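Me: Hi! Could you walk me through this protein, one piece at a time?

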Amino acid sequence: MNTAAPGTESTPQAQQHLTPGSTLARHLHGPAYLALVVEGSYWEANGAGRRQLRAGDVAVHGPYGAHCNQVGGAGAVVLNLAVQGPLADAYGRIDDVDSLVRAAAQQGPEAGALALALLLPLPPLVSDWPDQLALDMAADPQLCLGDWALRQGLAPETVSRGFRRLYGATPKRVRFEQRTRLALVALLGGAGAPLVELALEAGFADQASMNHAIRALTGASPQALRRQSSADKTAGRGAAIVAA
């Protein structure tokens, strides 16, 4: 299923050339995909934190994930590969870039599965408190931001401004997306639990709040997504939204 809310981008073209010194404002993609740096470098900020990516590094983008980028002075060439599976935003590395580039040219969509098999995970980096907050929200989409700020000795307004400056969105917005993606995983990967139960487990006040959040993020209702997921599994295609 390839449903998405207005403003949601599809998987970028297979080979992408990023302009030297350019900035890509925070944007959200529907399908999951891997971005392998073939040449050059750029900074990325996503749900797994921030990292400067160089040749051989990979940004793993889970379904309905968002990120922003700052491209280095030499620009960058990126190979984007669509994937399916239980993916969360993450970073990794592939040592043999040339072989994967050749495989992508020869195998097309199947190269994504090969890339996942070759992917070596990279540990998260924490340069400052916004990076720690990104990781903490990924681990707990119900994180109380006020309490987190208090533990760090920071004013809530400082947390909101400082995080948005580096990640392109407020902590509340990122937490909303993380919570909604958590509900999507349960919705499409579970055994048909009642929607109200899924809503409460994901941290929503009620089913109506979850329904609104899922429609805002994906452009479809939970009922429609569940029906399509069931049809995809019956046809052997697998769910289009698989993890967060």
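**A chat about the fold**

Reply: On α4, the exposed residues L150 and R151 sit on the face turned away from the helix's buried side. Keep in mind that this is a predicted model.

Me: OK, and which residues of helix α4 are buried?
Reply: Helix α4 covers residues 145-152, and its buried residues are L145, W148 and A149. They span an arc of only 100° around the axis, which puts them on the same side of α4.

Me: Why would residues a few places apart point the same way?
Reply: An α-helix has 3.6 residues a turn, so residues three or four places apart point the same way.

Me: Nice. What covers the buried residues of α4?
Reply: The cover includes three other helices: α3 (129-139), α5 (156-167) and α6 (171-189).

Me: And what follows α4?
Reply: G153 follows α4, and its phi is positive, near 70°.

Me: Let's zoom out. How many helices and strands are in the protein chain?
Reply: The chain has 9 helices and 8 strands. It has 244 residues, and 47% of them count as buried.

Me: Switching to the inside: which residues touch the most other members in the largest nonpolar core?
Reply: That core has 19 residues, and L36, V58, L81, I94 and L100 touch the most other members. At least two residues each come from β3, β5 (57-61), β6, α1 (97-107) and α2 (111-118). Of the contributors, α1 gives the most, with 4 residues.

Me: Take L81. What is it in contact with?
Reply: Leaving out neighbours within four places in sequence, L81 is in contact with Y33, L34, L100, A104, A111, G112 and A115.

Me: Now pockets. How much space lies in the second largest pocket?
Reply: About 180 Å³. Its lining has 13 residues, and A45, C68, N69, Q70 and L166 lie nearest the pocket's centre.

Me: Which strands supply at least two residues of that lining?
Reply: β2 (23-28), β3 (33-46) and β6 (66-82) each do. The biggest share is from β2, with 4 residues.

Me: And how do the lining residues divide into nonpolar, polar and charged?
Reply: There are 6 nonpolar, 4 polar and 3 charged residues in the lining of this pocket.

Me: Back to strand β6. Is H67 buried or exposed?
Reply: H67, which is found in strand β6, is buried, with a relative accessible area of 2%. The cut-off for buried is under 20%, so H67 qualifies.

Me: What does H67 touch?
Reply: Not counting residues up to four places away in sequence, H67 touches A25, R26, H27, H29, Y33, E44, A45, N46 and H61.

Me: Last one: where does Y64 lie?
Reply: Y64 is in the loop between β5 and β6. At 3% relative accessibility, Y64 counts as buried. Its phi is near 55°, a positive value in a residue other than glycine.

Methods: Residues numbered from 1 in each chain as written. Predicted model: local features only at pLDDT ≥ 70, side-chain atom pairs only at ≥ 80, totals over all residues. Heavy atoms only, no water. 1 Å grid on protein atoms, 1.4 Å probe; cavity = no way out; pocket = protein on both sides within 12 Å on 5 of 7 lines; lining within 4 Å. Points joined across faces, edges and corners; volume = space filled by probe spheres on them. Nonpolar A, V, L, I, M, F, W, Y, C, P; charged D, E, K, R; others polar. Buried < 20%, exposed > 50% of the residue type's maximum accessible area, 1.4 Å probe, protein only. Arc of directions from axis to C-beta. Contact = heavy atoms within 4.5 Å. Core = buried A, V, L, I, M, F, W, Y, C linked by side-chain atoms within 4.5 Å.
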